[in-house]
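Thanks for coming. I will go through one structure today, starting with a question and then going chain by chain.

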Amino acid sequence: MAQKKKSSNYYYASQWTLMYAKFRKHKLAMASAIILIIFYLTAIFGNFIAPQGTEQFDSRYVNCGPTPVHFFHEGKFVGPFVYGLQKERNMETFMYEFSEKSDEIYRIRFFQQGQRGGEYKWLGLFESNLHLFEAEEGGVVFLIGTDYMGRDLFSRVVLGSQISLFIPIVGMILTVFLGILIGSIAGYFGGRVDNVIQRLIEVVRSFPQVPLWMALSAAIPPTMKPAQIFMLMTIILSLISWPDMARTVRSKFFSIKKEDYIMSARISGAPGSAIVMRHMIPSFLSYIIVRMSLTIPHLIVGETTLSFLGLGLRSPATSWGVLLQETNKLETIMFFGWKLLPMIFVFITVLAFNFLGDGLRDAADPYK
Amino acid sequence: MLFQKKNEQKRYSLPDNVLLKAEDLRVNIKIDGAVLNAVRGIDLELKSCETLGLVGESGCGKSVTSKEVIGINPSNCSSTGSILFKRKDGTVLNLLELERDGAEYRAIRGNEIAMIFQEPMTAFSPLYTIGNQMSEIILIHHPEATKKDAKEKIIEMMKLVGIANPEIRFDQYPHEFSGGMLQRALIAMMLSNEPDLLIADEPTTALDVTIQAQILDLMKRLQSELGMSILFITHDLGIVASMCQRVAVMYLGEIVEFGSVRQIFHNPKHPYTGNLLRSLPRIDSDREEKLYAIKGVVPVPVDLPEACGFHERCEQCMEGICDKRFPPVIEVEPGHFVRCALYGKSEG
Amino acid sequence: MKSEFLRFVIKKFLIMVLTVFLISLAVFYIITLPPGDFLTNYVGQLQAAGESVSQETIDKLKAVYGLDQPFIVQYWKWVTNIVFHGDFGYSFLWKMPVTSVIQAYIVPTIVLSLVTMLFTYLISIPIGIYSAVHQYSLGDYLFTSIGFIGMAVPNFLLGIILMFIAFKLTGDTMLGFFSAKYQTAPWSLEKFIDLLKHCIIPILVIGLMNTCGLMRTMRSQMLDELSKNYTLAARAKGLKMRVIRYKYCVRAAINPIAASIGWSLVNIFTGTTIVAIVLNLPSMGRVMYDALLDQDMYLAGSWLFLMAIMTVIGTFLSDILLAWLDPRARKEYIQG
Amino acid sequence: MMKKIIAMMLAVLFVCGALTGFPKLAAADDGIEKESPMLAEQVKAGTLPPVEDRLPAAADIMVETDKTPDAPEYGGTLRRNNGGQWDFGPFCEEPLFRLTEDGGVTPNVAKGYDVSEDGMTYTIYLREGMKWSDGEPFTADDVLFYYNYMLVTDVDPETGAVTNSYTGNYYNWYKTTDPADGLTKPAVLTKIDDYTFQMKLYSPKPLILQAIAIDNKWMFAPKHWYKDIVAFDSSKPHWTGIEDLSLIGGADLVDVTEEEAVKNAAAKSSLYQFDNYTSLGNALGYLYWNYAGRPTLRAWNIISPLTDTVLVFERNPYFWKTDAAGRQLPYIDYVEMVTMDAGLYAQEMLAGNIDMNAIELADLVTYKAGEKTGNYTVYSSIQPNWTVSSVELNQSYKDEQYRKLFEKIDFRHALSIAVDRHEVNEILYNGLAEEAQCAAPEGTDQYREGASEKWTEYDPAAANALLDGIPEISNDRNADGFRYFVDGEHAGETVLIQLEGHEKCNSASAIALFAQYYKEIGIQLVEVSNTARNTRQTKVTSGNEIMALYEENLNVFNPSVRPDRVGANRKICTWVGLYGLEHANPMTPEPGSEMEKVVNNTKKLATASTLEEAKACGDEMIQSMIDNTWIIGYARNTMKLTALSNKVKNYDPNYISCDELRFYGNTKPYTWYIED
């Protein structure tokens with residue numbers, strides 16, 4: 001018995017190193033981790049990277065497509081620049097059409113004070129108006145076009161990620177916390193407690209998520225701030241999604257409870273919480289880590305869906321879901337295809353988290 | 001290999017009393033792009049009605065060797081060399097030339113070569129009754145047999161291995177059996193076609209000590225009743241001493257010492273064998289004395305250098321020899337072979 | 001053996017009844033959540049239409065719905081009305097009993113859900129098996145990538161994109177269940193084909209997310225089973241690979257998936273709700289959405305309730321299915 | 001171009017000329033199809049009487065001379081958007097009298113009328129031989145039964161107030177006050193003969209026919225169908241005091257209790273399941289056109305349950321109008337109203353899956369861009385809109401502190417000039433709207449010079465200065481950047497306007513835009529919800545919960561005939577009832593306030609006994625709108641836009657679209673036809 005415990009300690013000590021080594025081999029997961037780090041850094045420095053703030057709109061550039069960044073003008077290298085934009089009304093459809101004016105050149109300047117608004121207080125600490133890039137005065141650069149209010153979509157994607165990437169983390173923590181707490185209570189005590197919790201799990205699991213959220217959204221006070229609404233949305237989504245986690249934790253508990261080292265700890269009189277914290281939870285930590293990485297994309301997709309249905313955030317609040325609201329029509333895709341581009345960021349993030357989860361699973365699985 | 005088999009069926013022969021002979025058997029396993037040299041050229045000979053022990057630490061390649069004999073290694077394993085096997089009709093086949101899951105090989109498996117496993121609890125699918133799964137082995141190899149025939153035969157076999165109430169047990173699910181009972185059932189199933197060779201891959205490791213003894217007794221009894229050879233794979237030298245006539249000690253995919261039980265136990269030549277024997281707990285030993293543990297761990301058999309595989313852990317390692325050359329096999333006494341630079345011509 | 005099974009079914013059934021009871025409590029709580037109770041809205045609406053509502057009428061309505069009484073009494077009235085009279089309350093958006101509204105939409109909803117479910121399982125299980133058996137083959141990579149795309153694209157967007165593709169290819173957007181031509185036509189082979197055509201996008205959209213998940217589960221389950229010891233034993237017996245795969249591995253790998261059939265309803269209902277809105281399908285999803293926008297809580301709540309109940313029943317059935325498929329399941333369950 | 005269109009709108013159009021002469025029905029053998037082949041088949045099969053027997057007596061057939069196309073085709077299905085009951089209802093509305101574009105009335109279901117010299121007695125003639133859509137004859141009894149047993153079921157003998165109604169509330173303007181005795185009493189309707197009835201007012205009311213044409217256009221109901229679902233108690237005297245029930249349409253009625261009525265209705269059809277008599281009356285009595293099986297006089301009747309996503313309307317085989325060549329109308333056999341998310345209609349037009357859709361200005365460019373692909377045309381008609389995007393603060397809001405703030409004209413002024421109307425126009429309407437205040441467009445009667453330009457100059461600094469001058473709210477901003485209340489119940493709280501959105505998707509973007517402008521002047525604006533009209537009105541009446549309203553298409557025909565949108569009883573206030581209906585719990589404005597004047601004017605208009613008086617009331621209300629800017633308008637659009645498939649013919653876009661003229665009903669859709 002003593003020997004067994006010793007060996008488990010031995011494995012535990014080297015588990016992280018082993019996991020990391022295995023994880024590094026999973027190239028997709030590694031790439032995903034790097035992409036996610038870039039995305040999160042971008043979100044943190046969002047106000048600096050985005051040329052405009054969330055509230056800057058411009059009626060001159062409504063529904064303007066991406067402005068290509070050029071390097072050569074008439075065969076000569078100028079460095080990164082954009083052409084001026086010519087706006088004309090198509091008299092057949094009354095639609096505004098934008099075209100490049102090849103005689104107006106606006107260089108893209110880096111690390112400039114912003115001209116198109118976008119003063120910000122970085123992390124709520126430093127006031128600044130420094131932006132990564134911007135066109136010279138008079139020119140505009142819209143990397144992925146603008147929306148119906150003439151807002152730069154790239155800026156909105158970057159600033160929207162501040163909400164879309166960070167709040168799901170809170171939701172994830174909540175889901176995992178609830179899952180572990182409730183699951184381990186059920187698993188540790190068993191018997192009647194377990195029975196009650198099992199029923200609770202079944203009840204919560206029986207509700208389809210989106211319709212349930214729709215029903216609950218009727219009770220949300222409209223004066224709530226966007227971040228609060230998103231927070232609430234996330235909390236509710238996590239309140240709905242903890243049962244899966246709890247179930248797994250519970251069953252792991254049941255199987256581990258019978259293991260010798262837990263029995264020995266119990267016999268030796270260790271308090272319940274100590275047994276749970278010191279012995280049981282570490283034994284399925286790998287599972288928890290995997291679940292954590294998979295809960296986040298779930299919450300991100302959940303947010304986009306709810307916002308799309310008009311049950312989540314509303315403009316001018318900016319999240320990825322809000323940006324996709326505009327793509328709910330066929331005509332948008334036909335006439336303003338670039339408005340689908342924010343989708344790519346959602347897509348990449350969700351995929352990256354999935355691959356990350358896969359990588360972690362492979363790395364954490366002691367049997368492979 | 002496929003073509004070779006089709007085009008020229010080589011004729012092989014084996015001495016009368018030899019059932020199985022492996023020569024220069026090498027098995028490589030591809031994992032994550034790396035190639036693991038799990039078995040590195042072993043020669044092995046198994047006589048009729050003999051029990052041969054294959055011992056070694058975990059990861060030494062003994063399991064891979066045994067699975068290679070019955071051809072159930074996973075598809076990422078590739079092998080060279082030869083394994084000659086004498087069939088019931090006297091023809092001799094090189095098993096490595098057969099298609100792994102082809103009809104010919106399948107006709108041999110479970111019929112002429114059978115295998116029992118370390119964990120009887122997982123050797124049966126939990127979804128079908130024991131009877132259903134056991135009958136299969138009759139039905140596969142005797143297409144003319146009806147289900148009723150198969151059931152009769154299985155019940156007879158169950159009686160043979162000492163399962164009480166076989167008629168009831170026949171319709172039960174694996175989860176209703178104890179570990180020992182399942183191992184008996186597995187043995188009964190595997191022996192129901194009276195194979196010439198039984199491969200036993202640590203058949204008692206997962207069982208309680210008392211059950212272990214029962215199973216070992218059962219195997220001995222059946223061997224004498226049915227007249228078969230057993231390739232007994234284990235890491236437990238105690239069992240080897242009681243079960244086997246001859247022993248092969250494996251280390252890092254090689255057989256480092258081969259001989260009769262007496263030779264190995266009383267006159268171990270290879271430092272590794274010596275170490276193994278020293279690490280056996282002895283009832284008569286002093287309580288204070290610590291068990292001997294071999295220093296270090298078994299290296300991973302990837303891109304091994306041209307050297308004795310044991311040199312890093314060997315207390316008698318000779319610098320400049322053991323870490324530079326591949327030691328040859330020396331017959332130190334009749335029927336007692338050892339692969340070690342300490343012995344043989346180089347000595348003189 | 002039989003009595004064991006029966007005991008299992010009865011025990012499960014009792015638990016289901018308990019679960020339904022708890023769900024009904026939760027649903028009724030949700031119904032009463034939004035500000036302004038049902039009666040205020042009801043009277044307000046009558047007044048908006050120019051109706052003068054006397055105190056007498058208000059009191060009468062209050063008594064009917066038990067609104068002047070505590071939550072639990074109101075709940076009791078609601079529940080007994082449902083159980084004994086099949087009365088789910090009154091939808092003032094539609095100006096008709098909730099039951100009538102639900103009746104009008106439940107058939108297409110359930111048919112769509114079931115067809116989608118069938119599709120999901122018919123597609124994902126064979127693909128999962130294929131991928132596992134041909135691990136790391138081109139097909140495996142292809143299906144895995146499709147699976148990832150299905151998981152990463154929110155299904156509403158997928159719906160719109162497919163609609164766009166359909167429009168580009170056929171000149172029709174394939175909204176609703178029927179083309180204009182067949183909308184009101186009597187049933188015929190052509191109409192049925194038309195229906196099938198219109199079902200492709202919804203089924204794809206609702207099913208894809210599930211299919212992708214299931215495909216991956218099936219694949220990993222199958223890989224798991226293929227690497228289990230009993231396959232070695234079966235091979236050692238001389239059994240054909242094909243028999244081992246289908247008799248043993250597939251059977252075993254399907255079990256957890258069969259056990260999840262009930263739960264998959266949850267995702268399917270979510271899917272149908274979204275898709276109904278995006279693709280304009282006459283299913284409850286749309287009705288629910290409209291009901292919620294208008295805070296027609298009895299309608300919304302009742303549908304939520306029905307969805308939850310259907311899920312619970314689905315789970316009950318899949319539990320029984322699992323117990324029937326897997327002898328260990330019922331044993332473990334009865335032993336606790 | 002705008003002016004030209006509006007000039008046309010002003011032109012007096014006498015389409016009723018056709019009614020005076022009675023052109024002979026073309027002979028049956030002139031080779032022209034006189035009815036839809038669909039009906040001809042039924043006639044052949046013997047399931048339907050011949051067309052001559054289905055139409056009214058030859059002299060009483062209504063002939064649509066002006067709208068007769070050269071070579072119409074019978075048959076086909078018109079698929080259009082479903083804009084809800086208040087859209088498909090008017091689409092095939094057949095009122096007793098039709099309001100004309102010049103503000104007069106023309107008989108429609110009625111054949112004609114006489115007015116006595118004192119202006120108190122109206123004799124109204126019906127069409128002989130006219131039939132309900134189920135073939136039963138339409139007679140004076142159907143009007144009298146409706147008025148005496150459905151519209152009014154109980155009257156307080158002392159005050160003359162109508163205390164009970166089957167269909168909903170009574171229309172105020174049926175009640176007139178005699179200045180001599182000061183008493184207010186409802187009009188009394190009696191029967192002369194099967195095709196004639198008399199309406200006696202207690203005091204003269206010159207606009208009574210307009211009132212009927214606008215509000216009580218459905219002033220008749222199939223008695224034979226309602227008899228058993230309208231409660232009747234023979235032991236109780238009738239509220240008119242008339243004992244001879246045959247005079248008031250009550251002959252041959254049998255006793256029916258309310259419970260029986262509910263049961264009888266339920267037995268009639270699975271569509272008529274109501275849990276109480278009130279809902280029954282409201283649904284089948286008032287919103288009758290939603291219910292399949294209820295006989296009507298309309299060109300098409302609904303045949304599908306309301307829950308269907310596609311509502312099918314089938315031609316009425318007994319429709320009583322023909323074209324000049326004697327072809328029974330309508331030409332089109334079926335109309336399908338397709339329900340879907342508003343955003344989906346554009347692609348359905350594009351795919352040719354629907355033939356017609358009413359479109360918003362914001363969507364014009366998308367529809368124009370798809371014209372060729374979808375083989376349709378976007379037509380523009382006129383709508384007398386005062387604004388297309390506006391904010392209305394509830395002057396009767398329940399919270400006193402907010403109400404006081406909303407009453408301040410400087411506050412409304414500030415909100416008006418805080419928004420850059422040019423940007424609003426560019427962003428929301430592709431620059432196609434007028435950048436105007438909420439006011440009548442040029443060319444209409446209500447047009448006042450300068451009204452459209454009032455407070456439209458974008459000037460955030462001035463707006464801030466105006467707000468700084470309001471002592472109740474702070475001059476500095478709180479942490480969120482908003483002004484706050486300095487004292488009172490909300491002391492320290494942000495000044496927050498909760499705006500009720502509109503179900504049309506555009507409102508969200510408009511409100512988001514305004515919110516950003518309002519933020520510049522320290523006012524927070526939040527969209528509360530995006531609910532449908534029903535719920536919004538529910539919220540108004542059940543406790544005055546709406547603080548402010550986002551209004552699209554504020555459509556005013558003439559305040560003198562219907563003051564609804566301009567008068568005090570606008571959508572969100574609860575001073576007086578909407579649409580000439582009595583309000584259950586009206587509120588009273590503060591004495592001496594500007595609003596009190598408006599409310600008084602509205603009430604005065606209801607009982608005005610001369611045309612001049614009515615016009616004066618209307619004029620005052622218009623002036624009050626201009627002076628007070630009750631509704632802050634940020635853009636205006638007078639183009640009523642319709643996308644219509646090119647296969648639909650005989651659609652004339654030269655018409656005025658508004659509720660009073662029944663929107664599309666004004667173009668007489670039964671004269672359209674579909675070319676294959």
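Which residues have the most contacts inside the largest nonpolar core? Before the answer, please keep in mind that this is a predicted model. The largest nonpolar core has 461 residues. Those with the most contacts inside it are Ala185(B), Leu198(B), Leu231(B), Val249(B), Leu304(C) and Phe514(D).

Take Leu304(C) from that list. Leaving out residues up to four places away in sequence, Leu304(C) touches Phe207(A), Pro211(A), Leu212(A) and Ala215(A), and also Val27(C) and Ile30(C). If you have the model open, select those residues and have a look.

Next, chain A. The domain assignment gives chain A a domain 1, residues 51-149, and a domain 2, residues 165-363. Their C-alpha centres lie 38 Å apart. How many residues are in contact between these two domains of chain A? Nine residues of domain 1 of chain A are in contact with seven of domain 2 of chain A. On the domain 1 side, that contact divides into three nonpolar, four polar and two charged residues.

Staying in chain A, look at two helices. Helix 2 covers residues 27-44 and helix 4 covers residues 153-189. Their axes come within 8 Å and cross at roughly 115°. The crossing of helix 2 and helix 4 of chain A is left-handed. Which residues meet there? From helix 2 of chain A we have Phe39(A), Tyr40(A), Thr42(A) and Ala43(A). From helix 4 of chain A we have Val158(A), Ser161(A), Gln162(A), Leu165(A) and Phe166(A). Sorted by class, the residues of this contact are six nonpolar, three polar and no charged.

Now the contact of chain C with chain B. Here 19 residues of chain C are in contact with 24 residues of chain B. On the chain C side, helix 9 (229-237), helix 10 (241-259) and helix 14 (327-335) each supply at least two residues. Helix 9 of chain C gives the largest share of that side, seven residues. By class, the side of chain C that touches chain B has nine nonpolar, two polar and eight charged residues.

Is Lys148(B) buried or exposed? Lys148(B) counts as exposed, because it has 9 C-beta neighbours inside 10 Å, and the cut-off for exposed is 12 or fewer. Ser135(B) is 13 residues from Lys148(B) along the chain, and their C-alpha atoms are separated by 9.3 Å.

Last, chain D. Chain D has 676 residues, and buried residues make up 56% of them. There are 21 helices and 28 strands in chain D. Of the contacts in chain D between residues at least 6 apart in sequence, 70% join residues at least 24 apart.

Chain D is divided into domain 1 (31-93 + 298-383 + 640-676), domain 2 (98-285) and domain 3 (385-635). Between domain 2 and domain 3 of chain D, the C-alpha centres lie 36 Å apart. Their contact takes 18 residues from domain 2 of chain D and 14 residues from domain 3 of chain D. On the domain 2 side, strand 9 (175-177) and helix 7 (208-214) of chain D each supply at least two residues. The largest share of that side, three residues, comes from helix 7 of chain D. By class, the domain 2 side has eight nonpolar, eight polar and two charged residues.

That is the end of the tour. Thank you.

Definitions and conventions. Residues numbered from 1 in each chain as written. Chains lettered and ligands numbered in written order. Predicted model: local features only at pLDDT ≥ 70, side-chain atom pairs only at ≥ 80, totals over all residues. Domains from an automatic or database assignment. Nonpolar A, V, L, I, M, F, W, Y, C, P; charged D, E, K, R; others polar. Axes fitted to C-alpha atoms, helices over the stretch in contact; angles between N-to-C directions. Helix = DSSP H or I, 4+ residues; strand = E, 2+ residues; numbered from the N terminus. Left-handed = near helix turned anticlockwise from the far one by under 90°. Buried ≥ 20, exposed ≤ 12 C-beta atoms within 10 Å, placed from the backbone. Core = buried A, V, L, I, M, F, W, Y, C linked by C-beta atoms within 7 Å.
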